[in-house]
Each structure stands twice: as C-alpha cells, then as structure tokens.
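Walk me through this fold, from its sheet to its core and then out to its surface.

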Amino acid sequence: DLSQADFTGTSIIEITTMFGGTKMLVPSNWSVKSEVVTIFGGIEDKRRMQTITEAPEKTLLLRGTVIFGGIDIKSF
C-alpha cells in the first residue's frame, strides 16, 4: 500500500513473484514504469487514470521477475 507514501523523483521497487500474485495500491497521479521480466505471467495497471497535463512528480519504477503469477496495480 503506497497510498500514503511521499517522495519526489523516482522510486524503485524490486519485486519477485512466483506462482502467485501481488496487489499494489498506487495513487493514480503517479507514473508507473515497468522493467519486470514476465514468464507465463503479467502486469496489469487497473488504476483510474486522471488526465495529467504536466509531467508527473512521482515515478515508480518496478524491476524484477514474475513467473507463473501476476502483479495488479490498483488505486482507490
């Protein structure tokens, strides 16, 4: 749950998921970039996207591996 997190710039999360799933709660005004390697799995961004007219202040970079599983990115 990153809904109360505060930082500026880019934050990196290293994640490994095998035979399961991960649910991440990320505010919808953050930019999320993925460098995750997926093998029989996937990443899905299910956030309600807001129209952003300027560059986002916060960028979340995901790195790691997903094998036979998935990552769901959601927001409230």
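Two strands count as paired if DSSP finds at least two bridges between them. In this predicted model, β1 and β5 (residues 58-67) pair in the parallel sense over 10 bridges.

Now widen the view. Strands of a sheet pair through backbone hydrogen bonds, either parallel or antiparallel. Here, an open sheet of 3 strands runs in the order β1-β5-β3, with parallel pairing. Its edge strands are β1 and β3 (31-39), and each of them pairs on one side only. From one strand to the next, the twist averages 15 degrees.

The largest nonpolar core holds 11 residues. They are Phe-7, Ile-15, Met-24, Val-26, Trp-30, Val-36, Leu-60, Leu-62, Val-66, Ile-71 and Ile-73. Two elements, β5 and β6 (70-74), each supply at least two residues of this core. The most comes from β5, with 3 residues.

Finally, the surface. A nonpolar patch is formed there by Met-18, Phe-19, Val-37, Ile-39, Phe-40 and Phe-68. Together they have about 690 Å² of accessible area. Take Phe-19 from this group. Where is Phe-19 found? Phe-19 sits in the loop between β1 (9-18) and β2 (21-25). Is Phe-19 buried or exposed? Phe-19 counts as exposed because its relative accessibility is 63%, and the cut-off for exposed is over 50%.

Key:
Residues are numbered from 1 along each chain as its sequence is written. This is a predicted model: local features need pLDDT of at least 70, side-chain atom pairs count only at pLDDT 80 or more; totals for chains, interfaces and linings use all residues. Side-chain values use heavy atoms; hydrogens and water are left out. Patches are made of residues with over 30% relative accessible area and no salt bridge: like charges are joined within 9 Å, nonpolar side chains (Val, Leu, Ile, Met, Phe, Trp, Tyr) within 5 Å. Accessible areas come from the Shrake-Rupley method with a 1.4 Å probe; for residues, only the protein chains shown count as cover. A salt bridge is a side-chain nitrogen of Lys or Arg within 4 Å of a carboxyl oxygen of Asp or Glu. Helices (H or I, at least four residues) and strands (E, at least two) are DSSP runs, numbered from the N terminus. Buried means under 20% relative accessible area, exposed over 50%, partly exposed in between (1.4 Å probe, protein chains only). Axes are lines fitted to C-alpha atoms, for helices over the stretch in contact, and angles run from 0 to 180 degrees between N-to-C directions. A nonpolar core is a set of buried Ala, Val, Leu, Ile, Met, Phe, Trp, Tyr and Cys residues joined through side-chain atoms within 4.5 Å.
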